[in-house]
Amino acid sequence: MINIQTKPSTIASNILQTVGNTSLVQLSKLFIAQDFKVYGKSEYNNPSGSIKDRTALSILKDALNKGLINENSTIVESSSGNMALGLAQACLYLGLKLIVVVDPKINLHTQKLLETYQVKIIKVEQPLDDGGFLGARLAKIQELLHNIPNSYWTNQYGNQANPLAHHQTMEEIFKDLNRKVDYLFMATSTCGTIMGCANYIHKHQLPTKIIAVDAKGSVLFGGESKKRIVPGHGAAVPSQFLDTSKLYDHVEVSDLDCIKGCWSLLSNEAILCGGSTGGVVQAIQQYAYKIPKNSNCVMMLCDRGERYLDTIYNKDWINKNIPKANNFVQFRTK
């Protein structure tokens, strides 16, 4: 018999109070062949749909507390995805103007959400020779800061309130697992999330081993920047946060791996997440032979998959961009 229990609800005084305190979900069907346990941190349950809600709220709170912004400020940020959405919801509630700089990789669903949240969108059309689209977006940010009075760059790439947000993330994980966390697998991008978790582990001298999951074609762990199709992880410029001495190991995953992982997570656990989460799923499978029996592993279920229905979960898009992935996905027939 299937046993379904619900947790008691609590009353929040506003939407921002619902950020964080997400549940752990045991991925028992996905990793049924393994002799270790894997738990997913359900960050897609944050109010705007991703772990970046924590980052956005932490940075805005820090800026408000330090008097760096006020009700007349204009917030600017470079993001074509989850950070933009996290800021969009928080800024709308706080009554702050928000401009996000995006590039052509932004998907239509995310763009529609940002427009609904009343965000001003500025799109850069050409990548820089050195720095790609991210470099072009950052150059546009500097132009906006120069031209807009009382503007403030939240700077997810270098603001220390980014990693600090994830001390709380780790606190929640350790509490739920009675401090027994052997491995933590995490996708990398700005590296704010992974280094916030790593700094917490280092500060408390915990034995948890962090395995970074990077995209092939990313420069975060060396090498040259190469074309990547699946957004949300990896980077074309080095991270300002990354300290590899606090990480145990790293794994690289391809665009194909991300697609396979997303569909495997959906098919086995009925969990719909974005590309970086799929990459982590495959990274754990690749790393499984190194994980001791009875270990507890944790991964982030970073964001909701609805915003990828036109890409990762679209048969035509897959066939055009990553045709080999069609061997691993199962679309329902009418």
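Thr-74 stands opposite Ser-151 in E6, and this position belongs to the pairing of strand E3 (residues 74–78) with E6, which runs in the parallel sense over three bridges. Strands here, like helices, are DSSP runs numbered from the N terminus (helices are H or I of at least four residues, strands E of at least two), and two strands pair if DSSP finds at least two bridges between them. The model is a predicted one, in which local features need pLDDT of at least 70 and side-chain atom pairs count only at pLDDT 80 or more, while totals for chains, interfaces and linings use all residues. Residues are numbered from 1 along each chain as its sequence is written, and side-chain values use heavy atoms, with hydrogens and water left out.

The pairing of E3 with E6 is part of an open sheet of four strands in the order E5-E4-E3-E6, with parallel pairing. Its edge strands are E5 (120–123) and E6 (151–153), each of which pairs on one side only, and the twist averages 25° from one strand to the next. Across E3, strand E4 (97–102), E5 and E6 lies helix H4 (residues 132–147), running at about 165° to E3; contact means heavy atoms within 4.5 Å, and axes are lines fitted to C-alpha atoms, for helices over the stretch in contact, with angles from 0 to 180 degrees between N-to-C directions.

Turning to the rings, the count comes to four aromatic pairs, where rings of Phe, Tyr and Trp (its six-membered ring) pair if their centres lie within 6.5 Å, and planes under 30 degrees apart count as stacked, over 60 as edge-to-face and the rest as tilted. The pair of Trp-263 and Tyr-313 is tilted because the planes stand at 50°, with the ring centres 5.5 Å apart. Trp-263 lies in helix H7 (residues 255–269) and Tyr-313 in the loop between strand E10 (296–301) and helix H9 (315–321), so the pair ties together parts that are 50 residues apart in sequence. Tyr-183, Phe-185 and Tyr-287 form one aromatic cluster. The charged end of Lys-209 sits over the ring of Tyr-183, 5.7 Å from its centre, and also over the ring of Tyr-248, 5.5 Å from that centre, the criterion being NZ of Lys or CZ of Arg within 6 Å of the ring centre and within 35 degrees of the ring normal.

As for the cysteines, the structure holds zero disulfides, a disulfide being a pair of cysteine sulfur atoms within 2.5 Å. For Cys-262, the nearest cysteine sulfur, that of Cys-258, is 6.7 Å away.
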